[in-house]
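Have a look at the chain below, then read on.

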Amino acid sequence: MAKLKITLIRSAAHRLPAQRTIVKELGLGRVNSSVVKPDDPAIRGAVLKIAHLVSVEEVKD
């Protein structure tokens, strides 16, 4: 199963509370921080809501 590397490229400060919550729940703290998450519909949905704040790349196992 593929994984997604999600990198925060813009700050979540001064964003909607729901967007700040998604950033925190994904484990992203500071700008340029990255996490690797499984590629499933829940993660994809969360990333779509904050697509303007993150960059996403697919990582092979």
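## Getting started

Before we talk about helices, a word on the term: helices here are DSSP runs of H or I with at least four residues, and they are numbered from the N terminus. Also keep in mind that this is a predicted model.

## The overall layout

The chain has two helices and three strands. Starting at the N terminus, they come in the order β-α-β-α-β. With a radius of gyration of 11 Å, close to the 10 Å that the globule rule gives for 61 residues, the chain is as compact as a globular protein of that length. Its C-alpha trace spans about 35 × 20 × 15 Å along the principal axes.

Of the contacts with a separation of 6 or more, 77% link residues 24 or more positions apart. As for burial, 28% of the 61 residues count as buried.

Now zoom in on helix H1, residues 17-25, where Gln19, Ile22 and Val23 are the buried ones. Looking down the axis of H1, these buried residues fall within an arc of 100°, so they line one face of the helix. Their cover includes strand E1 (3-8) and helix H2 (41-49).

Just after H1 comes Gly27, with a positive phi of about 95°.

The chain exposes about 4,200 Å², with carbon and sulfur atoms supplying 55% of it.

Terms used
Residues are numbered from 1 along each chain as its sequence is written. This is a predicted model: local features need pLDDT of at least 70, side-chain atom pairs count only at pLDDT 80 or more; totals for chains, interfaces and linings use all residues. Side-chain values use heavy atoms; hydrogens and water are left out. Buried means under 20% relative accessible area, exposed over 50%, partly exposed in between (1.4 Å probe, protein chains only). The arc is that of the directions from the helix axis to the C-beta atoms. Contact means heavy atoms within 4.5 Å. The radius of gyration is taken over C-alpha atoms; the globule rule is 2.2 Å times the number of residues to the power 0.38. Accessible areas come from the Shrake-Rupley method with a 1.4 Å probe; for residues, only the protein chains shown count as cover.
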